[in-house]
Amino acid sequence: MFLDQYHKLTNKELELQELVSRLPPQRLPRWLPDPDNHPQMAAYLSEATVVGFGGAAGGGKSDLGIGKALNQHSDSMIMRRIGTELQPIIERILTLRGTRDGYAGGNVNMLRMPETNQNITFGAVPNLGDEQKYQGHPHDLKVYDEATNFLLRQIRFLSTWLRNTRVPGQICEQLFTFNPPQDAEGRWVLEYFAPWLDPQYKNPAAHGELRWFVTVGMGREQVDIEVPNQPCVIIDNAPVFDFDPKEYSPVQIIKPQSRTFIGSRVTDNKYQSAEYMAQLQSLPEPLRSQMLNGDFFAGLEDSEWQVIPTAWIDAAMQRWQPRERKPLMDGMGVDVARGGQDNSIIMRRHDNWYDEPLVYPGTATPNGYTLMALIVAALRNDAPVHIDVVGVGGSPFDFLKIAKFHVVGVNAGASVGLEGFRSQGGMGFVNWKSYLWWSMREDLDPANNRGVALPPSKELARDLAAPLWKPQGGKIRVESREDIIKRIGRSPDWGSACVLARLTTPRIEQFQRKTDAGQGHNPLDAAGYDPLA
């Protein structure tokens, strides 16, 4: 919209024109939001550092990012997950400018506007790791168009370089535009903007209301915590506000970042055609509710190849209740940290009731002996301990074995010993990983009515829902950890510990013979003892 198209000004439009009149002539806006599109106007004028905008299709999401880049910022980056999807945005900007001067495509893919001292970079990150090519590239505006297609891990990395380096007083901002997520991997936006999108959030926010957040944790285990609008420091992954500034360096004192979300619908945008509205109305459900009404909880569907349906996981977590007196511990699963940014996870199973996970940062478990001590402290009733021995899991396994604990090393990629195992549908398994995950699926299947109770945990629910499967030669293959990381940007460590705890290994005493009674004989020393068999 150009200024000469404005009419019937209201107080908001007068305020906007007052802001425009203060700009120097070379920075007069080429695009302004439609004064009748109140959600778009509110997002354009929002003072939040992180703005989420969208919901239904056709609300003017991409134009909002373009307007902010052209009018409000000096160094902008507009991103799509797939590079070819950027072309309509680029053409829209060039049309608004009325010239292609300054635009360089190809590997550069940047628009330079020396007359206004502005730059707009166009970027894409189709694969995990592609975000690293933008390391150290500062921008005072980052636009993630169709944000649900990005991995949260990619966005956290790119956000590191949100800063102003050229223009004094330039504000910095991130804009997330998106429709309701179409698959499980886009659901991170429901947590990221939980005060506005999650109806069960303890303290819901109105659209456009500012809230403040800090990010705690490291690497793949970062989480956002809502906090008051005041400086804090992070101690043991928790924000602390009552502190003496003299005891901390300035870099340790964190200023929370403001965040908001503003919903939009196609009916807010009078420039969308009646044909487009009719097209949205003709979509099948639940797509119609998502795209026409911006319903973020309509038909959140799993992939048809997801190993464990999300609804089954949710049902198991709803059955869980804390217990002061717990049954015998039947099994323990341990996923060992693979670096300083990972966590070591210990899951404990008591029959069909799973205890709350024990989580230790990788920095707290620097070696196998330290982790062994934590495992032994949590162990009860001589329960078997199951550890994936491939890679870093070998060290704590060796220490536990030397100490004569009942420890079972699981090589998830091996197929040895699986010849007689079958799923309820009669299919075999390619490897132990496939058997472990499919067994958890069958435990959670409502048709089996096994009453499994899992501790409520977003991390555990997220990881149990992560793996996909496919048939291979008449057998079930669950995708590898490496393939999962490549697809979703994280390793399902919490889920891996859970399925290891689920493994039903007979206790040692079941193998002891009467002739061994009282003689101190340990079946772990017996030749040929194979607990998995």
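Reply: Two strands are taken to pair if DSSP finds at least two bridges between them. Please keep in mind throughout that this is a predicted model.

Me: In strand S21, which residue stands opposite Lys470?
Reply: Strands S20 (469–472) and S21 (residues 475–478) run antiparallel and are joined by four bridges, which meets the requirement of at least two bridges for a pair. Within S21, the residue that stands opposite Lys470 is Arg477.

Me: What is the order of the open sheet of three strands?
Reply: The edge strands are S19 (428–429) and S20, each of which pairs on one side only. The pairing in this open sheet is mixed, and the order is S19-S21-S20.

Me: Which strands stand at the edges of the open sheet of 10 strands?
Reply: The order of this sheet is S3-S4-S5-S2-S6-S7-S1-S12-S8-S9, with mixed pairing. A strand at either end of that order has a single partner strand, so one side of it is left without a neighbour in the sheet, and the two strands in question are S3 (103–104) and S9 (223–227).

Me: Which residue in S4 stands opposite Ala104?
Reply: S3 and S4 (residues 110–113) pair over two bridges in the antiparallel sense. Opposite Ala104, the residue in S4 is Met110.

Me: How many residues of strand S14 are buried?
Reply: A residue counts as buried when its relative accessible area is under 20%. Asn343, Ile345, Met347 and Arg349 point one way from S14, while Ser344, Ile346, Arg348 and His350 point the other way, and all are buried. For S14 (residues 343–350), the number buried is therefore, with the cut-off of under 20%, eight of eight.

Me: In S14, which residue is the bridge partner of Val334?
Reply: S14 has antiparallel pairings with S13 (residues 331–335) over five bridges and with S16 (residues 358–361) over four bridges. In the pairing with S16, Asn343 has Pro361 as its bridge partner. Val334, for its part, has as its bridge partner in S14 the residue Ile346.

Me: Which residue in the turn of the hairpin of S14 and S15 has a positive phi?
Reply: S14 and S15 (residues 353–354) pair in the antiparallel sense over two bridges, and His350 stands opposite Trp353. Two residues lie between the strands of this hairpin, and the one in the turn with a positive phi, of about 60°, is Asp351.

Me: Is Leu460 buried or exposed?
Reply: Leu460, in helix H14 (residues 458–464), is in contact with Met317, Met347, Pro455, Trp494, Gly495 and Cys498 once its neighbours within four places in sequence are left aside. Its C-alpha atom is separated by 9.5 Å from that of Ala497, 37 residues apart along the chain. Because its relative accessible area is 0%, Leu460 is buried.

Me: At roughly what angle do the axes of helices H2 and H3 cross?
Reply: Gln40, Ala43 and Tyr44 in H2 meet Asp63, Leu64, Gly67, Lys68 and Asn71 in H3, and by class this contact has three nonpolar, three polar and two charged residues. H2 passes H3 in a right-handed crossing. The axes of H2 (residues 38–45) and H3 (residues 61–71) come within 10 Å and cross at roughly 35°.

Me: What percentage of the residues of the protein chain count as buried?
Reply: The chain has 16 helices and 21 strands, and among its contacts between residues at least 6 apart in sequence, 63% join residues at least 24 apart. It exposes about 25,300 Å², of which carbon and sulfur atoms supply 51%. Of the 533 residues, the share that count as buried is 48%.

Conventions
Residues are numbered from 1 along each chain as its sequence is written. This is a predicted model: local features need pLDDT of at least 70, side-chain atom pairs count only at pLDDT 80 or more; totals for chains, interfaces and linings use all residues. Side-chain values use heavy atoms; hydrogens and water are left out. Buried means under 20% relative accessible area, exposed over 50%, partly exposed in between (1.4 Å probe, protein chains only). Contact means heavy atoms within 4.5 Å. Accessible areas come from the Shrake-Rupley method with a 1.4 Å probe; for residues, only the protein chains shown count as cover. Axes are lines fitted to C-alpha atoms, for helices over the stretch in contact, and angles run from 0 to 180 degrees between N-to-C directions. A crossing is left-handed if the near helix is turned anticlockwise from the far one by less than a right angle, and right-handed if clockwise. Ala, Val, Leu, Ile, Met, Phe, Trp, Tyr, Cys and Pro count as nonpolar, Asp, Glu, Lys and Arg as charged, and the others, Gly among them, as polar.
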